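Please open the model in a viewer and follow the stops below in order. The tour begins with the whole chain and then turns to one pair of elements.

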Amino acid sequence: MERAQLEELLYQSLETERGGVKIYEEAVQCAQNDDLKKEWGEYLEQTRNHEVIMLRVLDAFGLSPENETPGRQIIRTKAQTLVDAMDAAKADPVAGQLVAAECVVEAESKDHMNWELIGEVAGRLSGDERKTLEEAHSEVEEEEDEHLYHTMGWARELWLESLGLPAVLPPPEEKKHTKSAIGAERAKQVREEML
């Protein structure tokens, strides 16, 4: 395994969680739907915890959380761009909520991939490093799945509502407690029955 790339993944994962905190703080302000506001508030608290977990991981790997890498700088810029997009859109409450949902989906796509990769890497390490990554992954992975798949459902249903079409709010992914891609697809397939 390429050690420098493993370290880059860990640094980017920390930066993604830090950016996620800012993204959720802004998204909560954009949310008009009370259920969505509550859900994103919960995800904000979980993301703050994920940042703490990543700080523990970096410490266990002997890495400084303040070490800058080109990848971290890009992740930070992307997160700030998403926050700025939400801020610009929130003058119109409907647009602000839609843009926020889309921004959260974009951010959670990267976050989800990071944790998927951490799970893959953990199985190829040994000793304390393996244990550290396995524990972190088991603590975070299910929450990351929920963040991504539920918000994808919210974005779809909010768009449908804004188009004047029947929408299921909260979305089927939320009602079915989806935590996998297969579960999200199944929830989406039964949405017609929920209308």
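Helices here are DSSP runs of H or I with at least four residues, and strands are runs of E with at least two, both numbered from the N terminus. The model is a predicted one.

**Stop 1: the whole chain.** Select the protein chain and colour it by secondary structure. How many helices and strands does the protein chain have? There are eight helices and zero strands, and the order along the sequence reads α-α-α-α-α-α-α-α. The radius of gyration of the protein chain is 17 Å, close to the 16 Å given by the globule rule for 195 residues, so the chain is as compact as a globular protein of that length.

**Stop 2: interior and contacts.** Switch to a surface display. Of the 195 residues in the protein chain, 48% count as buried. Next, display the contacts with a separation of 6 or more: residues 24 or more positions apart account for 71% of these in the protein chain.

**Stop 3: α4 and α5.** Select residues 93–122, which form helix α4, together with residues 127–162, which form helix α5. Their axes come within 7 Å and cross at roughly 155 degrees. Because angles over 145 degrees count as roughly antiparallel, α4 is roughly antiparallel to α5. Viewed at the crossing, α4 passes α5 in a left-handed sense. Finally, colour the contact of α4 with α5 by residue class: it has 18 nonpolar, eight polar and nine charged residues.

Definitions and conventions:
Residues are numbered from 1 along each chain as its sequence is written. This is a predicted model: local features need pLDDT of at least 70, side-chain atom pairs count only at pLDDT 80 or more; totals for chains, interfaces and linings use all residues. Side-chain values use heavy atoms; hydrogens and water are left out. Axes are lines fitted to C-alpha atoms, for helices over the stretch in contact, and angles run from 0 to 180 degrees between N-to-C directions. Angles under 35 degrees count as roughly parallel, over 145 as roughly antiparallel, 65 to 115 as roughly perpendicular and the rest as oblique. A crossing is left-handed if the near helix is turned anticlockwise from the far one by less than a right angle, and right-handed if clockwise. Ala, Val, Leu, Ile, Met, Phe, Trp, Tyr, Cys and Pro count as nonpolar, Asp, Glu, Lys and Arg as charged, and the others, Gly among them, as polar. The radius of gyration is taken over C-alpha atoms; the globule rule is 2.2 Å times the number of residues to the power 0.38. Buried means under 20% relative accessible area, exposed over 50%, partly exposed in between (1.4 Å probe, protein chains only). Contact means heavy atoms within 4.5 Å.
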